[in-house]
Number of protein chains: 2
Amino acid sequence: MRANIKRNNQKRVAIVGGGLAGLQLALRLRHTDFQVVLVDKNNYNQFPPLIYQVASAGLEPSSISFPFRRLFQNQRNFYFRMGEALSVDNDERVLHTSFGTLHYDYLVLAAGATTNFFGNVNIEREALPMKTVTEAMKLRNTVLQNLEKAETEDDEHHRQSLLNIVIVGGGPSGVEIAGALAEMKRTVVPRDYPDLDANRMNIYLVNADRRLLKSMDSASSARAEKDLREMGVNVMPGYTVVDCRSGQVMLSDGSSIDARTVIWVSGIRASTIGGIPQTSIGHAGRVLTDRFNNVKGMAGVYAIGDQSLVEGDADYPLGHPQLAQVAIQQATNVAENLMRINRNEQPRPFTYRNLGTMATIGRKRAVAEIGRFKFGGLSAWLLWLVVHLRSILGVKNKTVIFLNWMWNYFNYKQSLRLILKSECKTIETNKK
Amino acid sequence: MRANIKRNNQKRVAIVGGGLAGLQLALRLRHTDFQVVLVDKNNYNQFPPLIYQVASAGLEPSSISFPFRRLFQNQRNFYFRMGEALSVDNDERVLHTSFGTLHYDYLVLAAGATTNFFGNVNIEREALPMKTVTEAMKLRNTVLQNLEKAETEDDEHHRQSLLNIVIVGGGPSGVEIAGALAEMKRTVVPRDYPDLDANRMNIYLVNADRRLLKSMDSASSARAEKDLREMGVNVMPGYTVVDCRSGQVMLSDGSSIDARTVIWVSGIRASTIGGIPQTSIGHAGRVLTDRFNNVKGMAGVYAIGDQSLVEGDADYPLGHPQLAQVAIQQATNVAENLMRINRNEQPRPFTYRNLGTMATIGRKRAVAEIGRFKFGGLSAWLLWLVVHLRSILGVKNKTVIFLNWMWNYFNYKQSLRLILKSECKTIETNKK
């Protein structure tokens, strides 16, 4: 097999990964004099900030996913290839992929990050990550299935473990899914499962740090904790999960919680690709780059977004935080630099401009920090809605999400409570 | 485990299967003096007439699926239990299920039918059925994935087999999916896959009978065939598929078609359950009943819908056709009879009233027969849209489907072209 793309007189930019960074880069290179080839395992871009709403049955996967081919219809200098990027051979300027080899002039690694289980295979086997739409669907199915099982379970102890949910990690994802599940417990469960005692559905939020949302101000952390506690979440600061076996979650203080639903949002690890020298790989697998996002020791190869770690920025000696804003800004800068290089101009180093951070907790509850302004409650929640609705791609997706949010707001109930499973034979049956 | 439902002074009606028939029965028994227990493998009802639109990426699964618990919220005499019905012990009036035993006063079998592969294991392994939302998702994924693979396939012959689609069965499902895929070929493929030659995507509709839609009038059959041919479908009447191996579809005349996508909508077989005497099982597994839908030799046990075969109706000596209308009308009659029996009145035999049949072929193309009126084209298509929109449960689903249809109509393109897979570990990881 081969990439099957004709070379022309344009320089080719190959992008690995169509997440926020990769997509932004491809969009920035539209209407330019580059041939762009985007490689991704999926045929769609997904919007990370709303994945927790798919997991909590508030939104459909299709509302936050956008097929690449649709996005770049009628874009003559753009090619999409579905498959896995395996390794880089920068001497030959070739990317080896599952669909064959791809020559490039410039290569941009934007494959993001995956869940970090820190080498604990038990946790990896039992706990549910929440980084992708697929994982979110599985999480949703598990939560709903365990409620169904609890209905018919005789054994008191096992029934309780089906009703317990442990969330590990108190960053934005942990806070958001905890809030969403607490709302499900309050509004959906009593009506849908009248035979279950909804009060017995316990939601634990285990966090290694003393405070939640530690990348935010301590006032925001305190507010998030207070809000979650009011919503009935058992916030457990200063605890870590050390193991997970047969539905038993072992904590650092020797105690344990029996829970059949364990959600792991406790850390990430950069995606890997072969051919990068070991000396160019930093903390948690991040690919080390200079201030131009140029990979250390690999001319013409760039790394952006969660997969990268920019060295040499005095304001961020440990690298920039792995946030959406950083990914988008790095992509924009690399796109502009490629155009500058093409014009024989000097590229410019990346500087991060913090536009603010926010996290939603629940209905009319959120925290936001923009410059010196730190606020919470209804205003932060409304701002969160507007910002995320604006960022979602496509008029139709915007409309559908807006309608869903309105519907859920006035109905106090999610209606997407389907345990939908697509079968696994899909790939095998169609292999050569 | 146990069903976990308290008996009260109400007679209990256990219903196996929440398809059109089972759901209709449960809805009819709302606000009555029966305790209703619905057992289904899934936690949602699905709407069969629109499954082909999920398969062809025109609608999301959630738009045609409705969670049972949501439907029966605040319904005090209703209980839902997710699980599989295994066997009936009518001497003890007990249904054995995957979640334990369930006592009943009346039992209604409404488990529908599954795809009939007529014992050919090769076909069962390679071909894709289209009876459920899950199967439709898998079919959608396969079609899209094969287009992606075709893009990077070097081998001319193998690329062609990735582009060929064989649909087996010329009933409404076969006609509808053939039309929907033909529209995808015409509108979506050229724009999304500019490197592929859309003309090389061949859609074959193989039908054993000389005419399509043989349950309809021959004028409708002719119209459907003409429309499909105009849309570029290779209709192959009078052919049967005898085997299917490694992407090669063998036909009855000794010829074969290389196709990686084979859709099997060629026949159904009634769902099975243990404990029914062999003498009470008729053609293609259908459970034999008298004219009151009472299972032969099993007092208090009824069978309705696709799973049943009513004997003794002079107008239908081979039983009624396995259609949505029959299922709904049988459910209504059984519900009324149960209430009559409760009031010590005589039950009434089932009589089928044919309200008409229709099948959609494509944009502004459909065929309809209502009484003596037989028509096609735009008017039939609009009627089809109205009838199906009316039948869909829930205001929100109606709205979403209507918006989707409008969107696709004016845009000439489906936007749900996501290859979304939920993972398979879901069940295993949460087992005790």
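In this predicted model, the side chains of Glu60(A) and Arg140(A) meet in a salt bridge, with 3.4 Å from N to O; the term stands for a side-chain nitrogen of Lys or Arg within 4 Å of a carboxyl oxygen of Asp or Glu. Across the interface of domain 1 and domain 2 of chain A, the rule finds 1 salt bridge. Residues are numbered from 1 along each chain as its sequence is written, and chains are lettered from A in the order in which they are written. Local features need pLDDT of at least 70 and side-chain atom pairs count only at pLDDT 80 or more, while totals for chains, interfaces and linings use all residues, and side-chain values rest on heavy atoms, with hydrogens and water left out.

Domain 1 of chain A covers 12-115 + 269-343, and domain 2 covers 121-266, with bounds from an automatic or database domain assignment. Taken over C-alpha atoms, the centres of these two domains are separated by 32 Å. Contact (heavy atoms within 4.5 Å) involves 18 residues of domain 1 and 15 residues of domain 2. Between them the domains bury about 1,400 Å², 67% of it on carbon and sulfur atoms; this is the accessible area (1.4 Å probe) that two parts lose on being put together, summed over both. On the side of domain 1, Tyr52(A), Ala55(A) and Thr115(A) lose the most area to domain 2, together 39% of what that side buries.

The interface between the two domains also has 4 residue pairs in polar contact, both residues at pLDDT 80 or more. Three elements of chain A, strand S3 (44-46), helix H2 (51-55) and strand S10 (113-115), each give two or more residues to the side of domain 1 that touches domain 2. H2(A) supplies the largest share of that side, 4 residues.

Now to the aromatic rings: a search of the whole structure finds 12 aromatic pairs over all chains. The ring centres of Tyr52(A) and Trp384(A) are 6.3 Å apart with planes at 65°, so this pair is edge-to-face. Tyr52(A) lies in helix H2 and Trp384(A) in helix H10 (residues 377-391) of chain A, so the pair ties together parts that are 332 residues apart in sequence. Rings of Phe, Tyr and Trp (its six-membered ring) pair if their centres lie within 6.5 Å, and planes under 30 degrees apart count as stacked, over 60 as edge-to-face and the rest as tilted.

Terms used:
A polar contact is a pair of N or O atoms within 3.5 Å; within protein, one must be able to donate a hydrogen and the other to accept it, and residues adjacent in sequence count only if both atoms are side-chain atoms.
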